[in-house]
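Please look at the sequence and the 3D view below before reading on.

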2 protein chains.
Amino acid sequence: MARTGRRPGGVDTRAGILAAARFEFGAKGYHQATIRGIAAGAGVDPALVHHYFGNKEDLFAASIDLPLRPTEIAETLLADGLESAGRNITNLFFTVWENPETRDPIMALLRGAFSTEQGAAVLREFFGTAMLRRVAPQIGGPDAELRASLAMSHLIGVAVLRYVVGFPSLTTVPIEQLVNTLAPRIQAYFTD
Amino acid sequence: MARTGRRPGGVDTRAGILAAARFEFGAKGYHQATIRGIAAGAGVDPALVHHYFGNKEDLFAASIDLPLRPTEIAETLLADGLESAGRNITNLFFTVWENPETRDPIMALLRGAFSTEQGAAVLREFFGTAMLRRVAPQIGGPDAELRASLAMSHLIGVAVLRYVVGFPSLTTVPIEQLVNTLAPRIQAYFTD
DNA sequence: AGAGTAATTCAACACATGTAGAAATCGACG
DNA sequence: CGTCGATTTCTACATGTGTTGAATTACTCT
């Protein structure tokens with residue numbers, strides 16, 4: 001039985017490690033996620049993780065750098081004008097969070113914001129430079145930035161309670177009803 | 001210089017350790033907060049922490065067990081009737097979060113919910129059994145529980161963005177303005 | 001087919017952490 | 001003033017962690 005050395009078959013081990021890393025970082029947060037655990041999740045030796053992504057920090061950075069382009073989010077948000085923005089962003093929000101493929105990295109991002117100051121900075125960057133600067137001007141008024149931030153804070157709060165804390169009142173409700181109740185409040189921050 | 005042994009002066013070392021623990025757990029979360037760090041914060045040997053609070057888990061439990069009686073919160077909330085509940089709860093919310101003495105333990109609670117499943121359970125218990133069962137019936141209607149949960153989620157989201165992530169749009173605004181913009185949305189979940 | 005390179009694992013180090021037990025010092029109380 | 005218990009520190013251990021360097025195997029290119 002060959003143990004060490006290169007594996008036969010051209011499997012993309014690097015991608016497997018990255019997927020495992022996203023899952024682990026999302027499930028346990030930056031610090032409690034271990035390189036050994038990620039390696040085990042990918043069926044691989046811990047040293048291989050270091051071979052592909054040098055550092056744990058670098059691995060984390062790679063884990064949250066993904067096709068979640070804020071530009072597209074802003075586009076989707078404003079596609080049908082500001083009057084539909086509330087429902088659009090709420091729908092997109094749950095689409096992202098309900099799909100495991102996109103949930104893992106954004107969960108890692110959210111947990112990272114709680115784990116390290118660097119993670120918090122990433123989230124600030126994500127919302128601030130990326131989204132606020134695009135959306136807030138469309139709202140207008142002196143407190144446009146505050147309104148947009150509060151709309152985001154509401155969505156984040158729902159994510160925390162539903163996907164992190166697992167609060168029953170929010171996990172048992174069908175998404176459709178959740179959207180129907182939530183979207184008008186988000187909308188109110190945009191046009192009101 | 002006497003190193004080991006009992007210290008002169010009847011200082012309440014136990015309370016000092018507890019305060020340091022609340023601060024550390026709040027600042028770094030359950031796992032990244034270390035017993036050695038807490039001990040250093042209290043100017044004390046790590047073993048003394050174990051002497052007073054046996055476990056790290058027990059210490060954490062003691063850190064989040066505090067005068068934040070959900071009963072009183074529910075009372076304050078409903079004191080002036082449901083029509084003022086939105087502003088009342090929003091005010092109380094910021095009062096608690098702006099005072100370091102009450103912020104530390106609730107920060108520890110919030111961070112704990114992200115760090116361990118046990119912490120998440122504590123938060124579920126805190127909101128669920130304690131608050132929802134008191135407030136939701138006052139709202140009435142088939143989706144009363146959902147509405148109350150969404151109101152809470154909004155407040156939590158603000159806490160996350162303002163106190164954990166440090167999002168500039170929310171940290172630079174005076175609390176008064178924050179309350180004025182936020183309270184009506186919370187109120188809308190109660191009466192609308 | 002042979003040489004070079006990429007992929008993969010093994011074994012180990014250095015370090016931080018939670019925790020336990022023994023020892024030392026101080027206050028209280030007879 | 002002597003004894004007992006509470007308080008406090010020292011030392012140490014077992015464990016899990018990120019990380020490294022050497023060794024081994026497979027693929028690729030000429």
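## Basis of the report

Two residues are in contact when they have heavy atoms within 4.5 Å of each other. The model is predicted, so local features need pLDDT of at least 70 and side-chain atom pairs count only at pLDDT 80 or more, while totals for chains, interfaces and linings use all residues. Residues are numbered from 1 along each chain as its sequence is written, chains are lettered from A and ligands numbered from 1 in the order in which they are written, and side-chain values use heavy atoms, with hydrogens and water left out.

## Chain A as a whole

Chain A has 11 helices and zero strands; helices (H or I, at least four residues) and strands (E, at least two) are DSSP runs, numbered from the N terminus. Read from the N terminus, the order of elements is α-α-α-α-α-α-α-α-α-α-α. Along the principal axes, the C-alpha atoms of chain A fill a box of roughly 70 × 35 × 30 Å. Of the contacts in chain A between residues at least 6 apart in sequence, 67% join residues at least 24 apart.

How confident is the predictor? The average pLDDT of chain A is 90, and 94% of the residues score at least 70. Among the elements of chain A, the highest mean pLDDT, 98, belongs to helix H2 (residues 35-41), and the lowest, 80, to helix H5 (residues 70-78).

## Surface, charge and core

Chain A exposes about 9100 Å², and carbon and sulfur atoms supply 51% of that area. Accessible areas come from the Shrake-Rupley method with a 1.4 Å probe; for residues, only the protein chains shown count as cover. Chain A has 192 residues, of which 52% are buried. A residue is buried at under 20% relative accessible area, exposed at over 50%, and partly exposed in between (1.4 Å probe, protein chains only).

Chain A carries 18 positive and 19 negative charges, and their mean positions are 8 Å apart. Lys and Arg count as positive and Asp and Glu as negative, whereas His and the chain ends are not counted. The place of a charge is NZ of Lys, CZ of Arg, CG of Asp or CD of Glu.

The largest nonpolar core has 132 residues. Such a core is a set of buried Ala, Val, Leu, Ile, Met, Phe, Trp, Tyr and Cys residues joined through side-chain atoms within 4.5 Å. The residues with the most contacts inside this core are Phe25(A), Val160(A), Phe190(A), Phe25(B) and Phe190(B). Beyond its neighbours within four places in sequence, Phe190(B) has contacts that include Leu77(B), Ile89(B), Val135(B) and Ala151(B).

## Selected residues of chain B

Ile186(B) belongs to helix H11 (residues 175-190) of chain B. Ile186(B) is buried because its relative accessible area is 0%. Not counting residues up to four places away in sequence, Ile186(B) touches Gly86(B), Ile89(B), Thr90(B), Ala151(B), His154(B) and Leu155(B). Between Ile186(B) and Glu83(B) there are 103 residues of separation in sequence and 11 Å in space, C-alpha to C-alpha.

Helix H9 (residues 144-165) of chain B holds Arg147(B), and Met152(B) is also placed in helix H9 of chain B. Arg147(B) is buried, with a relative accessible area of 14%. Leaving aside neighbours within four places in sequence, the contacts of Arg147(B) are Arg185(A), Ile139(B), Ala188(B), Tyr189(B) and Asp192(B). Met152(B) counts as buried at 10% relative accessibility. With neighbours within four places again left aside, Met152(B) is in contact with Phe127(B), Met131(B) and Leu132(B).

## Selected residues of chain A

Is Ile64(A) buried or exposed? Its relative accessibility is 14%, so Ile64(A) counts as buried. Ile64(A) is found in helix H4 (residues 56-64) of chain A. Residues up to four places away in sequence aside, Ile64(A) touches Pro105(A), Ala108(A), Leu109(A) and Val122(A).

Arg134(A) lies in helix H8 (residues 117-139) of chain A. Arg134(A) counts as partly exposed because its relative accessibility is 35%. Arg134(A) and Pro70(A) are 64 residues apart in sequence, and their C-alpha atoms are 9.6 Å apart in space. Apart from neighbours within four places in sequence, Arg134(A) is in contact with Thr71(A), Ala74(A), Leu78(A) and Thr129(A).

Terms used
pLDDT is the predictor's confidence in each residue, from 0 to 100.
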